[in-house]
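Keep the sequence panel beside it. We will go from stop to stop, selecting as we go.

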Amino acid sequence: MKRIAIALISTLVLTSCGTTTPVKVAKGEVISCTAIATDTSKTSGTTLTCLDGNSKVLLESITGPAVINVWGSWCIPCRQEMPFLRELAATEKVKIIGIDVEEANMESARKFVVEQGMSWPNLYDKDGSTKSSFGMGVPVTWFLNSNSEVAYKHVGVLKSEKQLFSEVEKYLGIKL
């Protein structure tokens, strides 16, 4: 009886410990923020440094249509929604801008961009100055329409590519 119990337990342990193959993600790249379209007539607000370290962008001057995704490398839901944002970026039909918040340092943010396959410009909120705009938690995704107005604020994780694409079509009028 003891042998049967040991055999049964061994079988359960061995069969329940499957391995999963990690999904291969193309390497991302820290992109210059000079690609971010801005309204130069706006001169006051929150200025953020680009992750490339070479430029700064006034948050209130960003023009749409655009999707602004607020993330942190330490944020598990942020990691979960990155594949959907990569798919959106691959369409090349809408610009995406990332904003990294509450990061220990800029190098951690850059590493996350590369590991997650991000191919869009990302800004660095070193001191949490965007909390008054985006709120306390991440992820948050804003949809800026062609009038550069926030058409929709998605608070929380994007759950699917279909959801993201649907929101882009609904709030930005961009057919994907």
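This tour of a predicted model goes from the sheet to the helices, then to the disulfides and a histidine.

**Stop 1: the sheet**

Select the strands. Strands of a sheet pair through backbone hydrogen bonds, either parallel or antiparallel.

Next, pick out E1 and E5 (residues 122-125). These two pair in the antiparallel sense over two bridges. Find cysteine 50 here: leucine 123 in E5 stands opposite. We will come back to that cysteine.

**Stop 2**

**Stop 3: helix H3**

Select residues 106-115 to see H3. Show the side chains of Met106, Ala109, Phe112 and Val113, which are buried. Look down the axis of H3. Its buried residues fall within an arc of 120°, so they line one face of the helix. An α-helix has 3.6 residues a turn, so residues three or four places apart point the same way.

What do the buried residues of H3 pack against? Colour E1, E3, H2, E4 and E5 to see their partners.

Then check both ends. At the start of H3, a side-chain oxygen of asparagine 105 comes within 3.1 Å of the backbone nitrogen of glutamate 107. Just after H3, glycine 117 has a positive phi of about 70°.

**Stop 4: the disulfides**

How many disulfides does a search of the whole structure find? It finds two. With bonded cysteines counted along the chain, the pattern is 1-2, 3-4.

Zoom in on cysteine 33 and cysteine 50, whose sulfur atoms are 2.1 Å apart. Cysteine 33 lies in the loop between H1 (2-16) and E1 (47-50), and cysteine 50 in E1, so the pair ties together parts that are 17 residues apart in sequence. The S-S torsion of this pair is about 80°, so the disulfide is right-handed. Cysteine 33 is buried, at 3% relative accessible area. Cysteine 50 is buried too, at 0%.

Move on to cysteine 75 and cysteine 78, joined by a disulfide with an S to S distance of 2.4 Å. The torsion about their S-S bond is about 80°, so this disulfide is right-handed. Cysteine 75 is buried at 3%, and cysteine 78 at 0%.

**Stop 5: histidine 154**

Finish in strand E7 (residues 150-155), where you will find histidine 154. Is histidine 154 buried or exposed? Its relative accessibility is 7%, and it counts as buried. Follow the side chain of histidine 154 to the backbone oxygen of valine 157, 3.2 Å away. Beyond residues up to four places away in sequence, histidine 154 touches Pro139, Val140, Thr141, Phe143, Gln163 and Glu167.

Note on methods: Residues are numbered from 1 along each chain as its sequence is written. Side-chain values use heavy atoms; hydrogens and water are left out. A disulfide is a pair of cysteine sulfur atoms within 2.5 Å. Helices (H or I, at least four residues) and strands (E, at least two) are DSSP runs, numbered from the N terminus. Buried means under 20% relative accessible area, exposed over 50%, partly exposed in between (1.4 Å probe, protein chains only). A polar contact is a pair of N or O atoms within 3.5 Å; within protein, one must be able to donate a hydrogen and the other to accept it, and residues adjacent in sequence count only if both atoms are side-chain atoms. Contact means heavy atoms within 4.5 Å. Two strands pair if DSSP finds at least two bridges between them. The arc is that of the directions from the helix axis to the C-beta atoms.
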